[in-house]
Structure formats: structure tokens, C-alpha cells
Amino acid sequence: MTRNIQHTFYYKYKPEVMWDYLTKPELLAQWLMPGNIKPVVGHTFEMISKPKPEMNHDGHNYCEVLEVIPYKKLVYSWKAGPEPGTITVDTKVTWTLTPKDNGTELHLLHEGFTDNNNLLYEGMNAGWVNHANKIEKLLTK
């Protein structure tokens with residue numbers, strides 16, 4: 001059985017602004033984690049976070065861009081594990097941007113967590129909300 005994380009956030013900024021926070025490495029690092037993302041299908045990148053051994057996660061997140069519709073949709077794989085070369089988490093992240101009320105509705109779908117990933121699923125479910133809230137703080141500086 002697989003589990004998915006879904007959250008919808010609203011920002012009072014245009015999709016073009018929100019797109020930058022999803023696709024520019026220097027902005028992504030400010031709210032999520034450092035990584036060399038590029039919005040190009042097939043681009044592989046890594047994002048580095050603090051290791052969480054209690055969740056079987058060494059802090060390395062291996063990703064590949066799967067779909068890009070500028071200012072509307074970004075999809076990438078998200079793989080991780082307890083040590084380099086060992087993948088126990090094989091998931092997919094989809095960001096959908098929809099213009100709404102003079103701003104942007106940003107929908108996150110992080111899918112594919114298995115029963116073996118329960119601790120990481122729980123941590124990431126709350127973590128995505130905490131990280132997404134940082135975007136608003138950055139935009140209002």
C-alpha cells in the first residue's frame with residue numbers, strides 16, 4: 001500500500017514568482033534545501049538536508065525532472081535512503097500552480113510512500129507545510 005502527501009497553499013503572488021521559488025537553486029535553498037535543480041526534463045539533481053538516521057534517511061535526495069510546464073507544473077522523482085547507494089524511498093513530487101484570486105494556488109502531491117517509509121512520510125508531511133510557510137516569509141521581507 002502506498003501513501004501520498006497532499007497540501008494546497010495560497011500565495012498572493014503571480015505564478016511566475018512562485019515558479020522561481022520552485023526552480024531557481026538559490027531560492028529553493030532558502031526555503032527547502034540546497035540543490036542544483038533546473039526546470040529541464042531529464043535533468044538530474046541532488047538536494048541535501050540534515051541526516052535523519054531515525055527515519056532511515058542520510059540527507060541525500062536524488063531527483064530527476066520528469067515534466068515541466070512553465071509556470072503551471074513541475075514534476076520530479078525523489079529518491080533517498082539510509083546510506084549512499086541505498087534507495088529505500090522512491091517517490092514523485094508534483095507541484096501544480098493555478099492562478100487564483102490575484103495570486104497563486106500551489107498544490108503539492110508527493111506520492112509513493114510505502115509502509116517501509118512510514119516515519120519519513122510522517123516527518124515529510126509536516127515538513128512540507130513548515131517549508132512552504134517559509135516562502136511566504138521570504139516574499140514579505
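Tyr76 is buried, with a relative accessible area of 1% (buried means under 20%, exposed over 50% and partly exposed in between, with a 1.4 Å probe and protein chains only). This is a predicted model, in which local features need pLDDT of at least 70, side-chain atom pairs count only at pLDDT 80 or more, and totals for chains, interfaces and linings use all residues. Residues are numbered from 1 along each chain as its sequence is written, and side-chain values use heavy atoms, with hydrogens and water left out.

Tyr76 is located in strand 4 (residues 73-80); strands (E, at least two residues) and helices (H or I, at least four) are DSSP runs numbered from the N terminus. Leaving aside residues up to four places away in sequence, Tyr76 touches residues including Ile37, Phe45, Met47, Trp95 and Trp128 (contact means heavy atoms within 4.5 Å). The side chains of Tyr76 and Trp95 are also joined by a polar contact of 3.2 Å (a pair of N or O atoms within 3.5 Å; within protein, one must be able to donate a hydrogen and the other to accept it, and residues adjacent in sequence count only if both atoms are side-chain atoms).

## Aromatic pairs and cluster

One aromatic cluster is formed by Trp31, Phe45, Tyr76, Trp78, Trp95 and Trp128. The structure holds seven aromatic pairs (rings of Phe, Tyr and Trp, the last by its six-membered ring, with centres within 6.5 Å; planes under 30 degrees apart count as stacked, over 60 as edge-to-face and the rest as tilted). Among them is the edge-to-face pair of Trp95 and Trp128, at 5.4 Å centre to centre with 80° between the planes. Trp95 belongs to strand 5 (residues 89-100) and Trp128 to helix 3 (residues 118-139), so this pair ties together parts 33 residues apart in sequence.

Trp95 is buried at a relative accessible area of 1%, and Trp128 is buried at 3%.
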